[in-house]
Amino acid sequence: MSDDGHEHNGHEHVPSRQRRRFPGISSRAYEHPADRSALVALRKLSGFDTVFKALSGLLPERSLRLLFLSDSVRVSDEQFAHLNDMLRDACYILDLEKVPPMYVNQDPQPNAMCIGLDEPIIVVTTGLVELLDEEEMRAVVGHEVGHALSGHSVYRTILLFLTNLAIRVAWIPLGTLAIMAIVTALREWFRKSELSADRAGLLVGQDLRASMRGLMKIAGGNHLHEMNVDAFLKQAEEYESGGDLRDSVLKILNLLPRSHPFTTIRAAELKKWSESRDYQRIMDGHYPRRSEDKDTSVSDSFRESAASYAGNVKSSKDPLMKLVSDIAGGAGGLGGRVRRGFDGFTSSAPGEERPPRDEPPTDAPPRTED
């Protein structure tokens with residue numbers, strides 16, 4: 001690996017243990033359909049092109065590289081050699097020809113990101129390095145290489161700077177509300193892109209339990225002996241299916257300011273994908289190639305995304321998604337179901353009991369006991 005962190009990966013670096021490799025794999029193989037849909041919607045958002053071009057001109061690639069070069073530790077054969085091996089392994093498995101530079105940044109918060117406008121840069125924090133074991137970390141490195149292969153780093157960088165800097169820059173012609181709309185759309189896309197990158201991490205690590213442990217540690221810290229993967233997955237099921245329509249709305253409001261999906265949901269989504277026919281076909285060597293990307297139909301991608309959304313809505317246990325499914329299916333009695341679901345938004349005063357829904361109106365004669 002050269003001093004600048006780049007090299008043409010001539011496939012001479014084999015993984016430290018035998019893992020399947022995916023020559024020429026397209027990112028379409030692992031991308032979540034919602035990731036592609038959200039990105040298309042983002043690009044069509046009014047004002048996005050203006051902000052994108054403005055920031056692309058203001059944030060030259062060199063400034064990002066100099067920032068991390070000056071204040072982080074670059075991964076190489078001499079520094080964090082075990083991470084360097086993982087990085088090269090991940091690029092070898094996903095057949096990413098140019099190994100991105102990788103930096104370790106002093107930050108107790110466990111985090112990793114893939115940013116860069118011209119070329120991707122991978123950054124991991126010391127909090128993450130200290131938290132995860134080797135196989136868990138391998139999945140994270142594969143996750144970030146998946147972001148690089150999918151071309152996510154450009155939009156991640158725009159999100160990072162819009163969130164931290166550009167909202168306060170008054171000369172951007174779109175105004176604060178428009179910028180907030182773009183930030184919200186970027187976050188929605190990025191949350192979906194995380195599901196795609198989790199899949200890439202599983203393809204690299206090829207150890208589902210390690211991927212699950214890593215997500216669990218990010219949620220609960222380095223107390224693995226106190227945690228259980230199966231119980232952690234039950235939390236996701238409880239989160240999705242529990243409560244009523246009020247809870248569904250609160251879930252959406254809680255999620256909007258976040259850049260990442262909730263960790264339990266990521267774990268559940270990854271486990272579901274690992275048990276799917278799509279995953280097994282990839283592991284058997286049947287997957288779309290990058291050489292075929294130019295022939296991919298946009299309309300086919302939309303249909304796949306629409307079918308995925310429809311399937312998710314139909315199978316979801318979330319009360320709001322059930323209601324959407326019922327509306328789509330023309331189910332009767334929706335008015336009553338909506339009222340029951342949202343019962344409590346205009347709740348009674350504390351201590352005041354609400355009459356059951358089956359009780360007669362207050363002006364009806366009282367019932368008599370037999």
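Among contacts in the protein chain between residues at least 6 apart in sequence, 75% join residues at least 24 apart. The model is predicted. Its protein chain has 16 helices and 4 strands. Of the 370 residues in the chain, 44% are buried.

- The 4 strands form an open sheet with mixed pairing, in the order β1-β2-β4-β3.
- β1 and β3 are the edge strands, and each of them pairs on one side only.
- β1 and β2 run antiparallel and are joined by 2 bridges.
- Within that pair, Arg74 has Tyr103 of β2 as its bridge partner.
- Helix α6 packs on the sheet and touches β2, β3 and β4. The direction of α6 makes about 20 degrees with that of β3.

**Strand β4**

- Strand β2 (residues 102-105) pairs with β4 in the parallel sense, over 4 bridges.
- Tyr103 stands opposite Val123 in β4.
- Strand β3 (residues 112-115) runs antiparallel to β4, and 4 bridges join the two.
- Ile115 has Ile121 of β4 as its bridge partner.
- The hairpin of β3 and β4 has 5 residues between the strands. In this hairpin, Gly116 takes a positive phi near 130 degrees.

**Helix α9**

- Helix α9 spans residues 208-220, which makes 13 residues.
- From its first C-alpha to its last, α9 reaches 18 Å, close to the 18 Å expected at 1.5 Å a residue.
- At the start of α9, a side-chain oxygen of Asp207 comes to within 3.3 Å of the backbone nitrogen of Arg209.
- Just after α9, Gly221 has a positive phi of about 85 degrees.
- The buried residues of α9 are Ala210, Ser211, Met212, Arg213, Gly214, Leu215, Met216 and Lys217.

**Where α6 meets α9**

- Helix α6 covers residues 134-150, and its axis comes within 8 Å of the axis of α9.
- The two axes cross at roughly 85 degrees. Angles of 65 to 115 degrees count as roughly perpendicular, and α6 and α9 are therefore roughly perpendicular to each other.
- On the α6 side, the contact is made by Glu135, Glu136 and Ala139.
- On the α9 side, the contact is made by Ala210, Ser211, Arg213, Gly214 and Lys217. Each of these α9 residues is listed as buried.

- Asp198 is found in helix α8, which covers residues 176-205.
- Asp198 has 7% relative accessibility and therefore counts as buried, the cut-off being under 20%.
- Leaving aside neighbours within four places in sequence, Asp198 is in contact with His143, Arg266 and Leu270.
- Glu194 also has its place in helix α8.
- Glu194 counts as buried too, at 2% relative accessibility.
- Glu194 and Gly146 are 48 residues apart along the chain, and their C-alpha atoms are separated by 9.6 Å.

**Two loop residues with positive phi**

- Phe80 is not a glycine, yet it has a positive phi of about 50 degrees.
- Phe80 lies in the loop between β1 (73-74) and α4 (81-93).
- Phe80 is partly exposed, with a relative accessible area of 30%.
- Asp95 is not a glycine either, and it has a positive phi of about 60 degrees.
- Asp95 is found in the loop between α4 and β2.
- Asp95 is buried, with a relative accessible area of 9%.

Key:
Residues are numbered from 1 along each chain as its sequence is written. This is a predicted model: local features need pLDDT of at least 70, side-chain atom pairs count only at pLDDT 80 or more; totals for chains, interfaces and linings use all residues. Side-chain values use heavy atoms; hydrogens and water are left out. The expected span of a helix is 1.5 Å times one less than its number of residues. Buried means under 20% relative accessible area, exposed over 50%, partly exposed in between (1.4 Å probe, protein chains only). A polar contact is a pair of N or O atoms within 3.5 Å; within protein, one must be able to donate a hydrogen and the other to accept it, and residues adjacent in sequence count only if both atoms are side-chain atoms. Contact means heavy atoms within 4.5 Å. Two strands pair if DSSP finds at least two bridges between them. Axes are lines fitted to C-alpha atoms, for helices over the stretch in contact, and angles run from 0 to 180 degrees between N-to-C directions. Angles under 35 degrees count as roughly parallel, over 145 as roughly antiparallel, 65 to 115 as roughly perpendicular and the rest as oblique.
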